[in-house]
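Hello,

I am passing a structure on to you, and my notes on it follow. Please have a look at it before you read on.

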Amino acid sequence: MKLKVVRADPAGNITLFVLDPLPTGERAGIAARLMSRSNAEQVGFVCPPVMGGAGRLEMAGGEFCGNATRAFGMLTAQALGGPAQVLVEVSGCAYPVTVDVDLAAGTAQAQMPLPRTTELREVDGYTGTLVDLGGIAHFVAEGVAPSLDFFERAEPLFQKIPGLEAYGVIFLEGEKMTPLVKVPAAGTLVWEGSCGSGSLAAAAAQSRNAPDGPFVRDYIQPAGAIQAAIVRRNGEAVSACIGGPVVLGLPCEIEI
(Lines give C-alpha, C1' and ligand atoms only; values in the text may rest on other atoms or scores of the structure.)
Protein backbone atom coordinates (compact mmCIF):
# COMPACT_ATOMS: atom_id res chain seq x y z
CA MET A 1 0.00 0.00 0.00
CA LYS A 2 1.27 3.46 -0.94
CA LEU A 3 0.14 6.46 1.07
CA LYS A 4 0.51 10.15 0.30
CA VAL A 5 1.82 11.94 3.37
CA VAL A 6 3.24 15.26 4.55
CA ARG A 7 5.93 15.37 7.23
CA ALA A 8 5.45 18.20 9.74
CA ASP A 9 7.94 19.38 12.34
CA PRO A 10 6.20 21.55 14.94
CA ALA A 11 9.04 22.33 17.37
CA GLY A 12 10.50 18.83 17.00
CA ASN A 13 7.24 16.89 17.61
CA ILE A 14 7.49 15.07 14.26
CA THR A 15 4.05 14.35 12.83
CA LEU A 16 2.95 12.60 9.64
CA PHE A 17 -0.26 13.79 7.97
CA VAL A 18 -1.87 11.10 5.81
CA LEU A 19 -3.65 12.73 2.89
CA ASP A 20 -5.40 9.61 1.53
CA PRO A 21 -8.85 8.72 2.94
CA LEU A 22 -8.75 5.64 5.17
CA PRO A 23 -11.38 3.85 7.28
CA THR A 24 -11.26 4.74 10.97
CA GLY A 25 -10.71 1.14 12.04
CA GLU A 26 -7.52 0.83 10.00
CA ARG A 27 -5.82 3.99 11.20
CA ALA A 28 -4.13 2.78 14.40
CA GLY A 29 -2.44 -0.11 12.58
CA ILE A 30 -1.38 2.08 9.66
CA ALA A 31 -0.07 4.73 12.05
CA ALA A 32 2.06 2.13 13.84
CA ARG A 33 3.52 0.94 10.54
CA LEU A 34 4.25 4.50 9.40
CA MET A 35 5.96 5.32 12.70
CA SER A 36 8.10 2.19 12.48
CA ARG A 37 9.35 3.34 9.07
CA SER A 38 10.14 6.92 10.06
CA ASN A 39 11.14 9.11 13.00
CA ALA A 40 7.56 10.33 13.42
CA GLU A 41 6.17 10.53 16.95
CA GLN A 42 2.52 10.62 15.87
CA VAL A 43 0.23 10.31 12.85
CA GLY A 44 -2.86 12.28 11.85
CA PHE A 45 -5.35 11.71 9.04
CA VAL A 46 -6.71 14.53 6.89
CA CYS A 47 -10.49 14.22 6.51
CA PRO A 48 -13.39 16.29 5.12
CA PRO A 49 -14.63 18.90 7.61
CA VAL A 50 -17.95 18.30 9.37
CA MET A 51 -18.29 21.46 11.49
CA GLY A 52 -17.68 24.21 8.95
CA GLY A 53 -13.90 24.35 9.36
CA ALA A 54 -11.46 24.81 6.50
CA GLY A 55 -10.14 21.29 7.07
CA ARG A 56 -10.28 18.41 9.53
CA LEU A 57 -7.53 16.38 11.20
CA GLU A 58 -8.18 13.13 13.05
CA MET A 59 -5.31 11.76 15.12
CA ALA A 60 -4.64 8.02 15.11
CA GLY A 61 -5.86 7.61 18.69
CA GLY A 62 -8.71 10.12 18.43
CA GLU A 63 -6.88 12.51 20.74
CA PHE A 64 -6.43 16.28 20.53
CA CYS A 65 -2.87 17.41 19.86
CA GLY A 66 -1.86 21.06 20.04
CA ASN A 67 1.31 20.69 17.98
CA ALA A 68 -0.48 18.74 15.26
CA THR A 69 -3.18 21.43 15.26
CA ARG A 70 -0.60 24.17 14.72
CA ALA A 71 1.04 22.25 11.90
CA PHE A 72 -2.28 21.32 10.27
CA GLY A 73 -3.32 24.96 10.45
CA MET A 74 -0.19 25.90 8.52
CA LEU A 75 -0.82 23.12 5.97
CA THR A 76 -4.40 24.34 5.53
CA ALA A 77 -3.28 27.96 5.18
CA GLN A 78 -0.80 26.95 2.48
CA ALA A 79 -3.54 25.14 0.55
CA LEU A 80 -5.81 28.21 0.80
CA GLY A 81 -3.18 30.61 -0.52
CA GLY A 82 -1.74 31.90 2.73
CA PRO A 83 -4.41 33.49 4.96
CA ALA A 84 -3.10 34.66 8.33
CA GLN A 85 -5.83 32.82 10.21
CA VAL A 86 -7.72 29.57 9.60
CA LEU A 87 -10.37 27.55 11.42
CA VAL A 88 -9.60 23.83 11.55
CA GLU A 89 -11.33 20.84 13.10
CA VAL A 90 -9.31 18.39 15.19
CA SER A 91 -10.24 15.11 16.86
CA GLY A 92 -10.79 15.41 20.59
CA CYS A 93 -12.16 18.97 20.29
CA ALA A 94 -15.88 19.65 19.90
CA TYR A 95 -15.47 22.94 18.03
CA PRO A 96 -13.26 24.36 15.24
CA VAL A 97 -9.94 25.73 16.47
CA THR A 98 -8.44 29.06 15.41
CA VAL A 99 -4.85 28.90 14.15
CA ASP A 100 -2.85 32.06 13.41
CA VAL A 101 -0.22 31.40 10.75
CA ASP A 102 2.81 33.40 9.63
CA LEU A 103 4.13 31.56 6.58
CA ALA A 104 7.01 33.98 6.11
CA ALA A 105 8.24 33.51 9.68
CA GLY A 106 7.43 29.79 9.72
CA THR A 107 5.32 29.97 12.89
CA ALA A 108 1.81 28.98 13.91
CA GLN A 109 -0.19 29.66 17.06
CA ALA A 110 -3.24 27.57 18.00
CA GLN A 111 -6.12 28.25 20.32
CA MET A 112 -6.19 25.58 23.04
CA PRO A 113 -9.01 24.11 25.12
CA LEU A 114 -9.14 25.52 28.63
CA PRO A 115 -8.33 23.17 31.49
CA ARG A 116 -11.42 21.47 32.90
CA THR A 117 -9.61 21.06 36.20
CA THR A 118 -6.19 21.93 37.62
CA GLU A 119 -5.64 20.10 40.89
CA LEU A 120 -2.82 19.10 43.21
CA ARG A 121 -2.32 15.33 43.36
CA GLU A 122 0.18 13.10 45.13
CA VAL A 123 2.32 10.27 43.71
CA ASP A 124 4.24 8.28 46.32
CA GLY A 125 4.73 11.31 48.55
CA TYR A 126 5.43 13.76 45.71
CA THR A 127 2.84 16.50 45.08
CA GLY A 128 2.37 17.65 41.50
CA THR A 129 -0.40 19.20 39.41
CA LEU A 130 -2.92 17.17 37.42
CA VAL A 131 -4.31 19.17 34.49
CA ASP A 132 -7.36 17.80 32.66
CA LEU A 133 -7.73 19.42 29.25
CA GLY A 134 -10.66 17.26 28.14
CA GLY A 135 -9.64 14.20 26.12
CA ILE A 136 -6.04 14.60 27.21
CA ALA A 137 -4.57 15.15 30.67
CA HIS A 138 -1.08 15.68 32.07
CA PHE A 139 0.55 15.35 35.46
CA VAL A 140 3.07 18.18 35.82
CA ALA A 141 5.98 17.08 38.00
CA GLU A 142 8.41 19.88 38.87
CA GLY A 143 11.86 18.90 40.09
CA VAL A 144 11.43 15.19 39.26
CA ALA A 145 14.01 13.45 37.05
CA PRO A 146 12.39 12.08 33.86
CA SER A 147 11.81 8.33 34.13
CA LEU A 148 9.45 5.63 32.91
CA ASP A 149 9.23 4.38 36.50
CA PHE A 150 7.71 7.66 37.72
CA PHE A 151 5.31 7.70 34.76
CA GLU A 152 4.06 4.23 35.67
CA ARG A 153 3.59 5.27 39.31
CA ALA A 154 1.60 8.33 38.21
CA GLU A 155 -0.46 6.43 35.64
CA PRO A 156 -3.29 5.41 38.04
CA LEU A 157 -4.20 9.11 38.35
CA PHE A 158 -5.44 9.08 34.77
CA GLN A 159 -7.64 6.01 35.18
CA LYS A 160 -10.01 8.11 37.29
CA ILE A 161 -10.62 10.65 34.50
CA PRO A 162 -13.40 9.58 32.09
CA GLY A 163 -13.06 9.99 28.33
CA LEU A 164 -9.29 10.35 28.04
CA GLU A 165 -7.79 9.56 24.64
CA ALA A 166 -4.24 10.40 25.80
CA TYR A 167 -2.27 11.35 28.88
CA GLY A 168 1.28 12.16 29.90
CA VAL A 169 3.69 13.15 32.60
CA ILE A 170 5.40 16.50 32.10
CA PHE A 171 8.77 16.56 33.83
CA LEU A 172 9.55 20.21 34.51
CA GLU A 173 12.71 21.88 35.78
CA GLY A 174 12.30 25.64 35.54
CA GLU A 175 11.46 26.22 31.88
CA LYS A 176 13.10 22.97 30.76
CA MET A 177 10.43 20.39 29.97
CA THR A 178 10.52 16.68 29.09
CA PRO A 179 7.19 15.10 28.03
CA LEU A 180 6.31 11.39 28.12
CA VAL A 181 2.92 10.80 26.48
CA LYS A 182 0.74 7.71 26.04
CA VAL A 183 -2.06 7.22 23.50
CA PRO A 184 -3.68 3.89 24.43
CA ALA A 185 -5.80 3.51 21.27
CA ALA A 186 -2.73 3.97 19.07
CA GLY A 187 -0.60 1.76 21.30
CA THR A 188 2.10 4.41 21.73
CA LEU A 189 4.17 5.66 24.66
CA VAL A 190 6.62 8.31 23.42
CA TRP A 191 9.29 10.60 24.85
CA GLU A 192 8.17 13.48 22.65
CA GLY A 193 10.47 16.04 21.13
CA SER A 194 7.94 18.63 22.26
CA CYS A 195 4.33 18.57 23.45
CA GLY A 196 1.82 21.34 22.88
CA SER A 197 -0.83 20.23 25.35
CA GLY A 198 1.91 19.45 27.85
CA SER A 199 3.24 22.99 27.47
CA LEU A 200 -0.21 24.35 28.19
CA ALA A 201 -0.52 22.03 31.19
CA ALA A 202 2.81 23.32 32.51
CA ALA A 203 1.59 26.91 32.15
CA ALA A 204 -1.69 26.02 33.86
CA ALA A 205 0.19 24.44 36.75
CA GLN A 206 2.66 27.29 37.15
CA SER A 207 -0.02 29.99 36.89
CA ARG A 208 -2.42 28.52 39.47
CA ASN A 209 -1.65 31.33 41.92
CA ALA A 210 -0.61 33.97 39.40
CA PRO A 211 -2.33 37.38 39.31
CA ASP A 212 -4.98 38.14 36.72
CA GLY A 213 -3.76 38.87 33.21
CA PRO A 214 -1.56 36.98 30.74
CA PHE A 215 0.86 34.31 31.95
CA VAL A 216 3.39 33.50 29.20
CA ARG A 217 6.27 31.00 29.27
CA ASP A 218 8.67 29.55 26.72
CA TYR A 219 9.19 25.86 27.51
CA ILE A 220 12.48 24.44 26.23
CA GLN A 221 11.98 20.82 25.25
CA PRO A 222 14.26 18.09 23.87
CA ALA A 223 13.75 19.03 20.20
CA GLY A 224 12.37 22.57 20.28
CA ALA A 225 10.66 25.36 22.20
CA ILE A 226 6.96 26.14 22.56
CA GLN A 227 5.43 29.30 23.98
CA ALA A 228 2.34 28.71 26.10
CA ALA A 229 0.06 31.54 27.19
CA ILE A 230 -2.89 31.59 29.58
CA VAL A 231 -5.01 34.63 30.40
CA ARG A 232 -6.66 34.65 33.84
CA ARG A 233 -9.55 36.74 35.02
CA ASN A 234 -10.80 36.61 38.61
CA GLY A 235 -8.45 33.70 39.12
CA GLU A 236 -9.96 31.62 36.28
CA ALA A 237 -8.38 30.82 32.91
CA VAL A 238 -10.39 32.52 30.16
CA SER A 239 -8.19 31.90 27.11
CA ALA A 240 -5.15 29.81 26.19
CA CYS A 241 -2.88 29.26 23.22
CA ILE A 242 0.43 27.74 22.19
CA GLY A 243 2.80 28.90 19.46
CA GLY A 244 6.17 28.35 17.91
CA PRO A 245 8.00 27.21 14.78
CA VAL A 246 6.58 24.74 12.25
CA VAL A 247 8.39 23.22 9.27
CA LEU A 248 6.36 21.42 6.60
CA GLY A 249 7.78 19.01 4.06
CA LEU A 250 6.45 18.45 0.56
CA PRO A 251 3.85 15.75 -0.06
CA CYS A 252 5.47 12.40 -0.76
CA GLU A 253 4.56 8.72 -0.98
CA ILE A 254 5.43 6.11 1.60
CA GLU A 255 4.93 2.41 0.96
CA ILE A 256 3.88 0.28 3.93
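**Salt bridges**

D124 is exposed, its relative accessible area being 59% (exposed means over 50%, buried under 20%, and partly exposed in between, with a 1.4 Å probe and protein chains only). Before more detail, please keep in mind that this is a predicted model, where local features need pLDDT of at least 70, side-chain atom pairs count only at pLDDT 80 or more, and totals for chains, interfaces and linings use all residues. Residues are numbered from 1 along each chain as its sequence is written, and side-chain values use heavy atoms, with hydrogens and water left out.

Which residue does D124 meet in a salt bridge? The partner is R153, at 3.2 Å from N to O (a salt bridge is a side-chain nitrogen of Lys or Arg within 4 Å of a carboxyl oxygen of Asp or Glu). D124 sits in the loop between β8 and β9, while R153 belongs to helix α3 (residues 148-154), so this pair ties together parts 29 residues apart in sequence. Helices (H or I, at least four residues) and strands (E, at least two) are DSSP runs, numbered from the N terminus.

R153 is partly exposed, with a relative accessible area of 35%, and its side chain also meets D149 in a salt bridge of 3.0 Å, N to O. D149 and R153 are four residues apart in helix α3, which puts about one helical turn between them. D149 is partly exposed as well, at 45% relative accessible area.

By this rule, the structure has eight salt bridges. Another of them joins R116 and D132, whose closest N and O atoms are 2.9 Å apart. Here R116 lies in the loop between β7 (107-111) and β8, and D132 in strand β9 (residues 126-132), so the pair ties together parts that are 16 residues apart in sequence. D132 is buried, with 6% relative accessible area. Elsewhere, R27, R56, E58 and E89 are linked in a network of salt bridges.

**Aromatic rings and a surface patch**

There are eight aromatic pairs (rings of Phe, Tyr and Trp, the last by its six-membered ring, pair if their centres lie within 6.5 Å; planes under 30 degrees apart count as stacked, over 60 as edge-to-face and the rest as tilted). F158 and Y167 are stacked, because their ring centres are 4.6 Å apart and their planes are at 20 degrees. F158 is buried at 3% relative accessible area, and Y167 is buried at 7%.

One aromatic cluster is formed by Y126, F139, F150, F171 and W191. W191 is found in strand β13 (residues 188-191) and counts as partly exposed at 42% relative accessibility.

Best wishes
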